[in-house]
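Subject: Structure handover

Hello,

Here is the structure I said I would pass on. My notes on it follow below.

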Amino acid sequence: LFQQVRDLGIPALFVINMIDEIQKRQIEIDFNKLEEILQTKTLCTDARTGKGVNELKEILLEEVKTYESEFRVYKEFSKPVAELRKSFSAQTDYEIWQLLTQKEIKNLAEAQKEEIEKIKSQHKIISKRLQVKETLNRYEEVDKIMTETVIRRNKNQRPMTEKLDQILIHPIMGYFIFFGLLLLIFQAVF
């Protein structure tokens, strides 16, 4: 979401909340590297305790530096994006991309909606497929950033909730546990 907002040309800061959980799980983040990659200030907060909230308020009063969008239209969709760019005044390629990916855009005139649909049908564009393609590519980018900036100190030590999740949502044992709990509740009631 952060990258999508920035690709739309909206100034944004990157705020990591629940920093106490990160510390409890012995996860280290290279904030300098993260700031370098994201090209923005990175802040840590803990909304429960209020840690970092005052710093966030101060930074929000400052002007956020502009960001050059790194979103590149996929080669196979460059032609429809170029056609739409002629008809729509958009600041970024990502804004045009959004016109193609949305099934219904309510704030456009009927003629504009028809123009978008005409281009989609000419190029056989299915909005959902564009959304899936973008999502997968963004997740790849997030994974790459995480690999470069996040270090787990103790990989073998997992929180109790993760251990319970692994057991309770097991593809086979999960059903037996679920039905066992239902039976227990049923027996307790009757």
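Predicted model: local features only at pLDDT ≥ 70, side-chain atom pairs only at ≥ 80, totals over all residues.

The expected span of a helix is 1.5 Å times one less than its number of residues.

Helix α7 has 13 residues, and its first and last C-alpha atoms lie 18 Å apart, close to the expected 18 Å. Its buried residues are I116, I119 and K120. They fall on the same side of α7, because they cover an arc of only 100° around the axis. An α-helix has 3.6 residues a turn, so residues three or four places apart point the same way. The buried residues of α7 pack against α5 (78–87), α6 and α8. On the other side of α7, the exposed residues are E110, A111, E114 and S121. Just after α7 comes K124, with a positive phi of about 55°.

Helix α8 takes in residues 127–149, 23 residues that should span 33 Å; the C-alpha atoms at its ends are 33 Å apart, which agrees. Buried in α8 are S127, L130, E134, R138, I145 and T149. Among the elements that cover them are α1 (2–7), β2 (27–29), α3 (31–38), α6 (93–101), α7 (110–122) and β4 (150–152).

One loop residue is also worth a look. T45 sits in the loop between β3 (42–44) and α4 (53–61). Is T45 buried or exposed? Its relative accessible area is 6%, and buried means under 20%, so T45 is buried. The side chain of T45 makes a polar contact of 3.1 Å with that of N17. Beyond its neighbours within four places in sequence, T45 is in contact with residues including V15, I16, M18, I19, K51, G52 and V53.

Regards

Note on methods: Residues numbered from 1 in each chain as written. Heavy atoms only, no water. Helix = DSSP H or I, 4+ residues; strand = E, 2+ residues; numbered from the N terminus. Buried < 20%, exposed > 50% of the residue type's maximum accessible area, 1.4 Å probe, protein only. Contact = heavy atoms within 4.5 Å. Polar contact = N/O pair within 3.5 Å; in protein donor to acceptor, adjacent residues only side chain to side chain. Arc of directions from axis to C-beta.
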